[in-house]
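Here is a brisk report on selected local features of one protein model. Look over the sequence and the fold before reading on.

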Amino acid sequence: MKYAICKGVLWQETDGEVVIVAPKQDPAYLNESGSSVWKLIDKGLDETKIVQQLSKEYGEDEKIIEKDVSGIIKDLLKNNYIKEVK
């Protein structure tokens, strides 16, 4: 699945972590792994490619990375920071 940042959602990277500002919501602060996922979504990578990229980057098994990435994406979707695109 591929995702895109929702219209009106702004973000900035500060000290390696992403801060998200969305309309009518308090700012959200992503940890290192969440920030990595966010930046790869912003680059247009789909979920599979995000998992592959992070697996290479961290030297971790794709199954473990996949579980973490899935959880981060679910949270981002729930908070309307990102949306599914076809």
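Contact means heavy atoms within 4.5 Å. This is a predicted model, in which local features need pLDDT of at least 70 and side-chain atom pairs count only at pLDDT 80 or more, while totals for chains, interfaces and linings use all residues. Residues are numbered from 1 along each chain as its sequence is written, and side-chain values use heavy atoms, with hydrogens and water left out.

Glu47 sits in helix α2 (residues 47-58). Helices here are DSSP runs of H or I with at least four residues, strands are runs of E with at least two, and both are numbered from the N terminus. Glu47 is buried and has no salt bridge. Buried means under 20% relative accessible area, exposed means over 50%, and partly exposed lies in between (1.4 Å probe, protein chains only). A salt bridge needs a side-chain nitrogen of Lys or Arg within 4 Å of a carboxyl oxygen of Asp or Glu. Lys74 is the nearest side chain of opposite charge to Glu47, at 8.0 Å; Lys and Arg count as positive, Asp and Glu as negative, and His and the chain ends are not counted. Neighbours within four places in sequence aside, Glu47 contacts Met1, Tyr3, Val69, Ser70 and Ile73.

**The aromatic pair**

How many aromatic pairs does the structure hold? It holds one. Rings of Phe, Tyr and Trp (its six-membered ring) pair if their centres lie within 6.5 Å; planes under 30 degrees apart are stacked, over 60 edge-to-face, and the rest tilted. Trp11 belongs to strand β2 (residues 10-14) and Trp38 to helix α1 (residues 32-42), so the pair ties together parts 27 residues apart in sequence.

| Residue | Relative accessibility | Class |
|---|---|---|
| Trp11 | 30% | partly exposed |
| Trp38 | 0% | buried |
| Lys24 | 88% | exposed |

**Helix crossing**

The axes of α1 and helix α3 (residues 62-78) come within 10 Å and cross at roughly 70°. Axes are lines fitted to C-alpha atoms, for helices over the stretch in contact, with angles from 0 to 180 degrees between N-to-C directions. On the α1 side, the contact involves Ser33, Gly34, Val37, Trp38 and Ile41; on the α3 side, Val69, Ile72, Ile73 and Leu76.

**Positive phi**

Most residues other than glycine have a negative phi. Lys24 has a positive phi, near 60°. Lys24 lies in the loop between β3 (17-21) and β4 (28-29). Asn80 also has a positive phi, about 60°, and lies in the loop between α3 and β5 (82-85).
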